[in-house]
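Here's a quick briefing on a two-chain model, sorted by topic. Have the viewer open as you go through it.

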Amino acid sequence: MPKARTTLTIDEDVLRWVKIRAARTGKPDSAVIEESLRRDLKLDLFDALWSRNDVPENEAAALAVEAQHRTRRR
Amino acid sequence: MRAVLDVNVLISATLSARGSSAATVRAWRDGGFDLIVSPKLLAELKRAFNYPKLRKVITADESHQLVQLLEREASLAPDPDQPPPVHSRDAGDDYLLALAASNDAVLVTQDPDLLTLREQYPVRPPAECLEMIRNAD
């Protein structure tokens, strides 16, 4: 994924904790911030599912409708 | 554009990386439309993820994370207290129609009972929803 440069304004104490974690882990500040955002926004969730699950589309639809209806409260 | 993604679309998106349901979820993540959810829809999604056949392909932790993501990042609307503009053959689907109507949203589904209503309300399969998103750009 290409990187983009941006400017953020954040609380000083948050930046201090970013720098502490960066120093502890040996990563740049930007990597610490990016990892936190990816985790918070769950950006890796679908990527993990999609790298593993490749059910044909019509079978996926049939299974999904089946699961919805079989577990529905009446 | 606003859309309610039926529970079956959200589940399909987790099962099939290359399908139109997954592409619809990607379009939401990329800001292509406003996704409407409600407490009842999220509760139905949680129950459906416990279906034994799904447990083989999506873990309890992953399904929990997905529901959390929707709670936080989608637009959470109250469960509708008005009747739907049209009724499904399956009364259990009516809350989805009412939710979409009360939020001026398209209902995106793969459920044949709901898709038969497409002449009476904007109910669309995921592939057509993607077309609408593209046309709205």
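How are H1(A) and H2(A) oriented to each other: roughly parallel or roughly perpendicular? Their axes cross at roughly 105 degrees, and angles of 65 to 115 count as roughly perpendicular, so H1(A) and H2(A) are roughly perpendicular to each other. Keep in mind that this is a predicted model.

- H1(A) covers residues 12-25, and the axes of H1(A) and H2(A) come within 8 Å.
- On the H1(A) side, the residues that meet H2(A) are Val18(A), Lys19(A), Arg21(A) and Ala22(A).
- Across from them, H2(A) brings in Asp29(A), Val32(A) and Ile33(A).
- Sorted by class, the residues of this contact come out as 4 nonpolar, no polar and 3 charged.

**Chain B overall**

- Chain B has 8 helices and 5 strands, and reading from the N terminus the elements go β-α-α-β-α-α-α-β-α-β-α-β-α.
- The radius of gyration of chain B is 14 Å, close to the 14 Å that the globule rule gives for 137 residues, so chain B is as compact as a globular protein of that length.
- If you want a box for the C-alpha atoms of chain B, take roughly 35 × 35 × 25 Å along the principal axes.
- Of the 137 residues in chain B, 42% are buried.
- Take the contacts in chain B between residues at least 6 apart in sequence: 61% of them join residues at least 24 apart.

**The sheet in chain B**

- The 5 strands form an open sheet with parallel pairing, in the order E3-E2-E1-E4-E5.
- Strands E3 (75-76) and E5 (123-124) of chain B sit at the edges with a single partner strand each, so one side of each has no neighbour in the sheet.
- E2(B), residues 34-37, is joined to E3(B) by 2 bridges, and the two run parallel. Val37(B) has Leu76(B) in E3(B) as its bridge partner.
- E1(B) pairs with E2(B) over 2 bridges, again in the parallel sense. Here Arg2(B) stands opposite Asp34(B) in E2(B).
- E1(B) also pairs with E4(B), in the parallel sense and over 3 bridges. Val4(B) has Leu107(B) in E4(B) as its bridge partner.
- Helix H8 (residues 126-136) of chain B lies across E1, E4 and E5 of chain B, and runs at about 140 degrees to E4(B).

**H2(B) and what covers it**

- H2(B) spans residues 20-29, and its buried residues are Ser20(B), Ser21(B), Ala22(B), Thr24(B), Val25(B) and Ala27(B).
- From chain B, the cover over these buried residues includes E1, H1, E4 and H8.
- Chain A contributes too: H3 and H4 of chain A are part of what covers the buried residues of H2(B).

**Where the chains meet**

- The contact takes 21 residues from chain A and 28 residues from chain B.
- On the chain A side, the elements that give two or more residues are H3 and H4 (57-70).
- H4(A) has the largest share of that side, with 9 residues.
- By class, the side of chain A that touches chain B holds 12 nonpolar, 3 polar and 6 charged residues.

**Positive phi angles**

- As background, most residues other than glycine have a negative phi.
- Lys42(A) is not a glycine, yet has a positive phi of about 55 degrees. Lys42(A) is in the loop between H2 (29-40) and H3 (43-52) of chain A.
- Is Lys42(A) partly exposed or buried? With 19 other C-beta atoms within 10 Å, Lys42(A) is partly exposed, because a buried residue needs 20 or more.
- Asp104(B) is not a glycine either and has a positive phi of about 50 degrees. Its place is in the loop between H6 (94-102) and E4 (106-108) of chain B.
- Asp104(B) has 10 other C-beta atoms within 10 Å and is exposed, because the cut-off for exposed is 12 or fewer.

How values were computed. Residues numbered from 1 in each chain as written. Chains lettered and ligands numbered in written order. Predicted model: local features only at pLDDT ≥ 70, side-chain atom pairs only at ≥ 80, totals over all residues. Helix = DSSP H or I, 4+ residues; strand = E, 2+ residues; numbered from the N terminus. Contact = placed C-beta atoms within 7 Å. Nonpolar A, V, L, I, M, F, W, Y, C, P; charged D, E, K, R; others polar. Pairing = 2+ DSSP bridges. Axes fitted to C-alpha atoms, helices over the stretch in contact; angles between N-to-C directions. Parallel < 35°, antiparallel > 145°, perpendicular 65-115°, else oblique. Rg over C-alpha atoms; globule rule 2.2 N^0.38 Å.
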